[in-house]
Amino acid sequence: MPRLPYLDPQTAPEPVREALAALPDLRVFRLMANATTCFRPLLRLGAAILVQQKLRAPLRELAILHVAHLSRAEYEWIQHVEIARATGASDAQIQAIESERLDAPCFDELEGAVLRFTTELVRDVKPSDAALDALRPHLSPEEIVELVVAVGYYMMLARLMETAEIEPDAPAGTRVLASAR
């Protein structure tokens with residue numbers, strides 16, 4: 001039983017009801033919809049992260065999985081494993097993140113740097129100069145900022161889901177990607 005209710009689409013304001021109708025029927029969206037004034041802007045930001053960023057999708061998804069693992073956010077993990085696979089992440093990479101083996105040989109130099117940066121961003125708020133410097137040869141300032149935005153967005157969602165004790169849904173990641181387009 002969740003600690004916060006899921007918004008009933010039938011009682012939602014029209015703009016929220018319309019937005020929910022365009023999305024896969026997932027508890028996370030009905031939870032987010034409780035913040036009726038923030039819901040549509042949050043969806044737009046999420047869609048921008050998922051389908052418009054210049055940051056390569058596999059890097060983004062490795063970072064999101066790492067956020068989910070560090071945050072112990074089961075719901076986020078379940079949904080993003082499917083998306084990570086769809087964007088090219090390997091099962092070895094997914095398992096390495098889950099078992100906290102960020103130095104595993106399945107990660108190339110950039111992937112390892114993204115995961116170290118994400119760790120420091122989540123745990124310390126401000127990544128070290130060394131973590132940032134490891135990204136600079138590979139990513140533009142735009143992509144680094146996009147990485148910070150993606151990590152921050154999924155940290156927020158993890159905290160919302162964990163606060164609510166959201167009940168898991170079956171993976172719908174690729175349907176979420178399609179709805180973001």
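**Helix pair α5 and α10**

I started with how helix α5 (residues 74–86) packs against helix α10 (residues 173–180): the angle is about 70° and the axes are 7 Å apart. This is a predicted model, where local features need pLDDT of at least 70 and side-chain atom pairs count only at pLDDT 80 or more, while totals for chains, interfaces and linings use all residues. Residues are numbered from 1 along each chain as its sequence is written, and side-chain values use heavy atoms, with hydrogens and water left out.

For my own reference, helices (H or I, at least four residues) and strands (E, at least two) are DSSP runs, numbered from the N terminus. Axes are lines fitted to C-alpha atoms, for helices over the stretch in contact, and angles run from 0 to 180 degrees between N-to-C directions.

I noted α5 and α10 as roughly perpendicular to each other (65 to 115 degrees; under 35 is roughly parallel, over 145 roughly antiparallel, the rest oblique). Which residues make the contact? From α5 I listed Gln 79, Glu 82, Ile 83 and Ala 86, and from α10 Gly 173, Thr 174 and Leu 177; contact means heavy atoms within 4.5 Å. I sorted the residues of this contact into three nonpolar, three polar and one charged (Ala, Val, Leu, Ile, Met, Phe, Trp, Tyr, Cys and Pro are nonpolar, Asp, Glu, Lys and Arg charged, and the others, Gly among them, polar).

**Rings**

Next I searched the whole structure for aromatic pairs and found one. The ring centres of Tyr 153 and Tyr 154 are 5.1 Å apart with planes at 75°, so I wrote the pair down as edge-to-face (rings of Phe, Tyr and Trp, its six-membered ring, pair with centres within 6.5 Å; planes under 30 degrees apart are stacked, over 60 edge-to-face, the rest tilted). Tyr 153 is buried at a relative accessible area of 7%, and Tyr 154 is buried at 5% (buried is under 20%, exposed over 50%, partly exposed in between, with a 1.4 Å probe and protein chains only).

I also looked at Arg 30, which lies over the face of Tyr 6, 5.4 Å from the ring centre (NZ of Lys or CZ of Arg within 6 Å of the centre and within 35 degrees of the ring normal).

**Single residues**

Beyond neighbours within four places in sequence, Thr 119 touches His 66, Leu 70, Leu 102 and Asp 124.

Last, I checked Asp 91 in helix α6 (residues 91–98), and Asp 91 is partly exposed at 40%.
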